[in-house]
Amino acid sequence: MTIENRDGDSMNTTNVAIEVPVPQSAVEVAPAPHEWRDEDICIEVSDLSLAYGETAALTNISMQVVRQRVTALIGPSGCGKSTLLRCFNRMNDLIDSVRISGRIELNGMEIHAPTVDVAQLRRRVGMVFQRPNPFPKSIYENVAYGVRLQGRIPKSELDDRVEWALKNAALWEEVRDRLNESALGMSGGQQQRLVIARAIAIQPDVLLLDEPASALDPISTSKIEELIHQLKTDYTILIVTHNMQQAARVSDYTGFLYLGNLVEYDTTNIIFTNPTQKQTEDYITGRYG
Amino acid sequence: MASYTLPKISDRRRWINVATKRIIGAGGVAVIAAILLIMGYLFWVILPIFESATMERLAVHQGLPIDVLAIDSDDSFETVTLIRANGAVEFRSAATLDVVNQITVSSSSWVEAKRVFPLTDTYVVRDTNDQLSFFRVTHQVRYIDLERSLIQRVERLFEASSFQLPENTEHFDAFRSDEDLRIVARTIDGTIHLVEFEEVEDDFELEFPDENDITGPQGDYYTFFGPRGRFLYDVDRKSGAFRLLLVPSVMRPRIVQTASFANQGEFPTVITPLLGRHSLMVGHDSGMVVQWSLTSSASGSILRPIRSMSFEEPIATLVSEHRRKGFAAISKERTAFLAYTTSNRVLAEIELDKPPQLVAFSPRADRLLTYNGSTLSVIGIENAHPELSWRALWGKVWYEGYEEPIYSWQSSSADTDFEPKFSLTPLLFGTLKAAFYAMIFAIPLAVAGAIYTANFMSAGMRAWVKPGIEIMAALPTVILGFLAGLWLAPIVEDHLTSVLLCFIFLPIGILLFATLWSRLPSRVINSCDGWSAAILIPVLVLLGWLTLSFDQTLANLLFDGDAKSWVYTTVGLEYDQRNALIIGIAMGLAVIPTIFSIAEDAIYGVPQHLVHGSLALGATRWQTLVRVVLLTASPGIFSAIMIGFGRAVGETMIVLMATGNTPIMDLNLFQGMRTFAANIAVEMPESEANSSHFRILFLTALVLFLITFIFNTAAEIVRNRLRTRYGNL
């Protein structure tokens, strides 16, 4: 199977022997970090430190996130993986006592620069939270919400956009007949896919998924994972997860965080089969976490 | 196999469970029972209003003297008084009509006896020599050896002196007030003889009168005094033509109106004044009874028809009640109808055996006596609240003396012949007006305050502000009312210009300051993030103080020097010191804590994950607030407003002390009003138990209860719908 990447290069895909089953569609080789080219990099983090008041949450994180790939962040509870994720769309700004140093560049642009409009940044960097959080509005209005924020738009165009987003979120067939019903009447898995549809309706560059399946049942979880596979052809995805099988299944790259440090960051294959750090291996094999 | 049993619940725990269940259950039931009891009591008091009147023949007594000139009875209807032509006043037991006492007043024979207007106990009699004599009949309750007995007395007035009527007097009438006695006599040739004895006391002799003769048309005329003896009605019994004379003194009578009671060419059959003689009831053969009332007009008071009632049988006799504006109409077909003017109702009817010669109400209008030469019928009347009807309570009513039908609440007066005005509409209007202005003041402040406190204020400041405002709710409203009426109202009156301008300047000032503030270096702004509201306080105080101190300058600049007179002359609004503006501010302050607290809870309770979801989609704080937070909190905000409104409707002390309590219907911001709650507080202490007034006050309480009930129910329904739509809270 051959997949075209952005540059038009074709890459051979080989089966990767990892312990967890991987859906066929995801089988491909992600280039190792030393093969990354500058144009592949979507987000560049350098020396990022973050503290809540006096408590350091992230220490000197440096990493690069590859365009149109799924990057998973794993680590034990409290390791700072969600905090790191929330740095990318500056959601940490909402917490009064946060202090941040270091740089995060999105497509080469520093996101903390004073000229940056946070609202515009968040339109480029969508986010899906752990708990499904649809607004108390209809299914249609939920998806249309982000689009409407950007200004008036003709009804037909909006309809098209909503349909497009719901199709891309693999929800269209289930809800096409009840777009005007409250989103609160949907199941948890549907709600989470609705939230994803809401996020992609504004066509962001990056999608941040903060444990998107942790509150869902196994069937809903597998649907979300399938969706992530489909979405990565268009979006750069960062996912935080507690579920290591999930990370192995869906991601191309995995970063392991421990106590606010990025211990190891490599292709998912390497992290799960041949980690270089002992801490990583201990975590992967379940010694702690 | 080892047997295993679950441990039994201990007696103690079971006892506690049962007791808790019972106590909580009893508490719940008791609350509902208490509310139902209050409702039930209100209904029980109100119910008699809606009972219809009844007339019932109680007794027919035969064998009475045939020479009775007038019938009367005492207040409690124990004695019937007969004034006989033989110069005697006879008292008979009301039950048996046996003679209990007979007092011979005069040795001469009488031909006519009538009450002296407007007294109820004083009679004037005309004897065969055309001499008028005056006497007073009194019934006194005495306890002799603990036994109750009624003592009747007849007392000649004016030292038994009498007044000689002119020859050929056809009709006469007498009026007595505290200081004077007036007599009018009309002779066959049309001369009206007016007599006045000034400053006459009961024990003065009748001498040295002012006398004046005026000429009128000849005919069968009925001439009698009007209100306060200052009016004189001169009515042609045949054609219904009448003249209304104003008699400030008998020497200077003046004709103010010449017209006719004839109704579409139909001559009246009978004319009787109502209590107080402000109106005349004019009966016709068609069965119509028209009420003509003295109403003010450009040329002074004139008689105008204000109401007509149809009895569908030719009217023969009309007799009015002694204490209310009710009357009985007796038709030529011998039906006696009971009717009431204010409520425009025919209340009851009964067939009589014979056409009566004399008809009289007992003083309390609980008996109707009909006398027909030797036969006296006693008709019992149950008619406690004839003045009330749905229309009289809510609609426009044409009251005596008014130029047009109006809504009016005027429940009592010093005059005994006063027509009570029980329209609830002005009170409902006042209630809603007060609540409206209070809500206009309170909603923007409370809701905007709640939004700011919940969304933008730092946690530290919120911890002070929220309890602070909630404590305001504990402030006794009597203090707010007292401050509003005695402190705020005069200040607003003296500084009307600046107070009005404050409503413009303060918001503009806040916006200007906010603009300036946002231009400051971000270091300064960030240093008091979430506390910026506190910085507004000195700004607002300074602005308010500046506006107040330049009051006169501003008034000169904008309102020709005086806002109050400018409002009156230019806008055409009258200014009361205690007005809706004061109420808006004072009652607004009283309801702000309620609205603020509930709305703030609702807004603060909007889940953070919804806010974050919105922000993560690139919404600004403002967009998130409007499109997600307020939407999700809308059921709570709506409840807050409705509860605040309910509070404003039922609020008593503030409106009592700061509205002036004038029951007028005028949306004018600068005029007062009277609300249901204040009305109950003002009038209940002076209301006679079980009177119509008393029961209407209970009715207003029920209406108040219903208003709050309806609003709360509507609010709850709307809130539930909003909640199922927007709430996952």
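**Reading salt bridges and an interface**

Tutor: B:Arg57, at a relative accessibility of 30%, counts as partly exposed, a class that lies between buried, under 20% relative accessible area, and exposed, over 50%, with a 1.4 Å probe and protein chains only. This is a predicted model, in which local features need pLDDT of at least 70 and side-chain atom pairs count only at pLDDT 80 or more, while totals for chains, interfaces and linings use all residues. Residues are numbered from 1 along each chain as its sequence is written, chains are lettered from A and ligands numbered from 1 in the order in which they are written, and side-chain values use heavy atoms, with hydrogens and water left out.

Student: With which residue does B:Arg57 form a salt bridge?

Tutor: A salt bridge is a side-chain nitrogen of Lys or Arg within 4 Å of a carboxyl oxygen of Asp or Glu. Here the partner of B:Arg57 is B:Asp353, with the closest N and O atoms 3.9 Å apart. B:Asp353 sits in the loop between strand 26 (345-351) and strand 27 (358-361) of chain B, whereas B:Arg57 belongs to strand 1 (residues 54-61), so the pair ties together parts that are 296 residues apart in sequence. B:Asp353 is also partly exposed, with a relative accessible area of 48%.

Student: How should I read the salt bridge between B:Lys466 and B:Glu470, and where in chain B do these residues lie?

Tutor: Helices (H or I, at least four residues) and strands (E, at least two) are DSSP runs, numbered from the N terminus. B:Lys466 and B:Glu470 meet through their side chains at 3.1 Å, N to O, and they are separated by about one helical turn because they stand four residues apart in helix 4 (residues 459-472) of chain B. B:Lys466 is buried at 10% relative accessibility, while B:Glu470 is partly exposed at 30%. Elsewhere, salt bridges that share partners join B:Asp121, B:Arg136, B:Glu155, B:Arg176 and B:Asp202 into one network.

Student: How many salt bridges does the rule find over all chains, and how many across the interface of chain B and chain A?

Tutor: Over all chains the count is 50, yet across the interface of chain B and chain A the rule finds zero. On the side of chain B that touches chain A, helix 12 (608-616), helix 13 (621-650) and helix 16 (692-726) are the elements that give two or more residues, and helix 12 gives the most, with seven.

Student: What area is buried between the two chains?

Tutor: Buried area is the accessible area (1.4 Å probe) that two parts lose on being put together, summed over both. Between chain B and chain A this comes to about 1,900 Å², of which carbon and sulfur atoms give 63%. In terms of contact (heavy atoms within 4.5 Å), 21 residues of chain B meet 25 residues of chain A.
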